[in-house]
Structures are given as structure tokens and as C-alpha cells.
Amino acid sequence: MTRRRALLAGTGAVAVVLFVLAVALGPVSVPPADTVRVLAGATPSDPRWSVLIGTVRLPRALTAVLVGAALGVAGALVQTLFRNPLADPYVLGVSSGAGLGVALSLAAVGGASFTEGLAGVGRLGAVGAAALGAAAVLGLVLVLARWVRSVVTLLVVGVMVGAATTAVVSLVLVWSDPRIAQQFVVWGLGSVDGTSRADLAVLAPVVAAGLAVAAFSVKPLNALLLGEAHARSVGVPVRRLRAMVVLAVALLGGGVTAFCGPIAFVGIAVPHLARLLVDTSDHRVLLPVAALVGAAVVLACVVAGHPPGTEVVVPLNVVTSLVGAPVVIAVLLRSRRFAVAVS
């Protein structure tokens with residue numbers, strides 16, 4: 001077995017263990033043996049475990065897998081599209097755009113609470129609004145990128161667009177019901193706890209569609225690694241490629257944000273971890289590995305955010321920022337490949 005395959009097998013094994021832990025741990029810990037029995041479809045020693053896992057823990061763990069895979073792949077796509085190792089859906093304001101779509105749709109529908117507002121919009125409506133908001137912001141950044149040559153300047157432009165979008169969201173909330181505004185702020189901290197099986201029935205196809213569009217972009221994205229001029233010289237329709245990437249990122253980032261709120265860190269860090277793991281920027285390898293590593297990272301954050309035996313639930317963005325970011329920064333600073341990560 002080659003080193004790359006061994007590392008991938010190890011990462012897959014870690015992801016499986018984290019998935020079981022995410023299902024087993026929480027305010028009430030389920031014995032590991034019973035957790036495995038329920039996941040395998042067998043009868044546990046206590047019938048309550050089936051209800052707890054089936055209605056709460058399993059949807060939460062599956063949501064974490066989808067969120068990690070979606071943001072990992074979306075991050076790899078925007079880093080290649082902008083040729084910027086610091087780009088990700090959150091930094092470029094894509095998550096803020098998705099949040100703006102959700103806020104506008106809630107303000108239009110109204111409702112006594114955030115949940116009722118989402119119910120009024122409908123899950124598909126919320127996802128559609130989030131995807132449109134994400135696509136609008138990413139499209140605006142792409143348009144501005146035509147007049148910007150420096151990757152650092154482009155990154156600053158993206159951050160400014162994201163900040164302006166966040167300001168518009170705050171402006172919308174000023175005229176919203178205070179209860180909805182408060183719940184919107186909590187939603188903005190990020191969480192995978194509130195999703196149900198019905199939510200997964202919408203989120204999973206949206207993420208699958210985004211991943212499918214990304215898969216069709218693999219070959220032209222490899223050509224884009226050497227620059228747009230090279231891509232055009234080998235027959236890549238760059239404009240169409242940009243549209244496909246925008247669509248994929250809008251589906252992935254918008255879908256995740258609509259259900260779980262804007263989630264930081266994952267989109268920027270996971271592609272780098274994936275490159276360090278497989279030592280290649282070939283998107284035929286990078287995108288599947290980014291999905292796998294992203295799932296493992298978000299599952300680890302879910303486990304860390306639910307201390308066993310307590311009622312405490314730490315918001316996902318708090319965990320990703322406090323625990324994940326310093327670790328990834330240390331890994332990146334020790335890697336000589338960081339400077340040429342997407343070159």
C-alpha cells in the first residue's frame with residue numbers, strides 16, 4: 001500500500017470513529033456497543049437508544065458529514081478559481097450572502113419566531129434564497145476581480161464585500177421582530193444540532209448537486225491551476241467554468257448556511273489539510289479528499305462541542321475558531337508547501 005493510500009485509509013478510519021463518537025456522546029451517553037447496534041440496524045439493550053439516536057444523534061452526525069464535505073470542496077473550488085490560498089466561502093462573503101438571502105426571506109414572510117419564519121419560507125425556499133444570496137455575492141466578487149490583479153487586494157475586496165453584506169443583514173434585522181433578530185444572531189453562531197430527517201431530505205440532495213457540479217469541473221480546474229491564459233490555450237471555456245464554480249459554491253455554501261448558519265474556518269483550512277495529506281493539487285484527488293477531511297474535521301468539532309454528561313452545547317463556530325484554527329495555523333506555518341499550495 002502506498003503512503004497516500006495508507007494516509008487516506010487512516011483518515012477514513014478516523015472519520016468513522018468520530019462519526020460513532022458524535023452519535024454516542026452527549027448529555028446522555030449511549031454505550032458504544034449499543035451505538036454500533038443501532039447504526040447496524042440491530043436492537044440495542046435499551047429501546048430508548050434507538051429513539052435518541054434515530055431522531056437526534058444520527059441526523060446531527062449526518063449533517064456534520066454533509067457540512068464538512070460541502071465546505072471542504074467549496075473552499076478548494078474558490079481557492080483555485082481566485083488562485084488565492086486564503087480564499088474560502090466565509091472570507092469572500094459567500095456565507096454572508098447566503099445569510100442575507102435567509103434574512104430577506106424571513107423578513108418578507110414574517111412569523112412569531114425564527115423557526116416559524118423558516119417554516120413559512122419552506123426549507124426549499126430558504127435554501128433557494130441562501131443559494132441566490134451566495135451566488136450574488138460571489139458573482140460580484142468575480143466581477144470586481146476583473147480589475148484586480150493582486151491576490152491580496154482581491155482578498156481584501158472579498159472581505160469588504162462580505163462586511164458590507166453583513167451590514168445589510170444587520171440593517172434588515174433592525175426592522176425585524178426582536179425575537180427573530182435574537183434567534184438570527186444565535187443561528188449565526190453555527191450549529192448542526194437542529195436538523196431533522198426532513199431537513200436532511202432537502203440538504204443532502206442540494207449538497208449532492210453541488211458536489212456533482214464540482215466533479216464536472218475537475219479537468220478544467222486542473223488547467224486553471226496554471227493560469228487563465230494557459231486554460232484558454234488548451235480550450236477551456238473559462239467563462240463557463242467560472243459559472244459552474246459559482247453554481248457549485250452557491251449550492252454547497254448556500255445549502256449549508258440555510259440549515260446550519262455561516263460556518264467559519266472549515267472552507268479555508270480543509271483544502272490545505274487535504275493537500276498536505278495527498279501532496280497534490282490535482283482536483284481528481286483533491287476534491288474527494290477535501291470532502292473526506294472536511295467531514296472528519298466537522299465531526300471532531302461536533303464531538304468537542306458536546307462535552308459528555310453535560311447539557312452544554314458549544315456553538316460550532318466557537319469550536320472551529322478556538323480549537324481548529326490554531327492547530328491549522330501551526331500546521332501551515334511548519335509546511336514549506338504553504339507558499340505554493342495552489343500553484
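Is Arg 60 buried or exposed, and at what relative accessibility? In this predicted model, in which local features need pLDDT of at least 70, side-chain atom pairs count only at pLDDT 80 or more, and totals for chains, interfaces and linings use all residues, Arg 60 has a relative accessibility of 4% and counts as buried, where buried denotes under 20% relative accessible area, exposed over 50% and partly exposed the range in between (1.4 Å probe, protein chains only). Residues are numbered from 1 along each chain as its sequence is written, and side-chain values use heavy atoms, with hydrogens and water left out.

The chain contains 15 helices and zero strands, assigned as DSSP runs (helices, H or I, of at least four residues; strands, E, of at least two) and numbered from the N terminus. Of its 343 residues, 52% count as buried. An unreviewed UniProt entry places the feature "transmembrane region" at several spans, including residues 56–78 and 243–273; such annotations may be inferred rather than shown by experiment. Residues 56–78 are 100% helix, with end C-alpha atoms 33 Å apart, whereas residues 243–273 are 84% helix, with end C-alpha atoms 26 Å apart.

Four salt bridges are found in the whole structure, a salt bridge being a side-chain nitrogen of Lys or Arg within 4 Å of a carboxyl oxygen of Asp or Glu. One of them joins the side chains of Arg 60 and Asp 193 at 3.6 Å, N to O. Because Arg 60 lies in helix α3 (residues 47–81) and Asp 193 in the loop between α8 (178–187) and α9 (197–216), this pair ties together parts that are 133 residues apart in sequence. Asp 193 is partly exposed, with a relative accessible area of 30%.

A salt bridge is also formed by Arg 37 and Asp 34 (2.6 Å, N to O), both of which lie in helix α2 (residues 32–40), three residues apart, or about one turn of the helix. Within this pair, Arg 37 is partly exposed at 36% relative accessible area, while Asp 34 is buried at 3%. The side chains of Arg 284 and Asp 282 likewise meet in a salt bridge (2.7 Å, N to O), with Arg 284 exposed at 58% relative accessibility and Asp 282 buried at 18%.

The structure holds zero disulfides, defined as pairs of cysteine sulfur atoms within 2.5 Å. Cys 260 is buried, with a relative accessible area of 1%, and Cys 301 is buried, with a relative accessible area of 7%.
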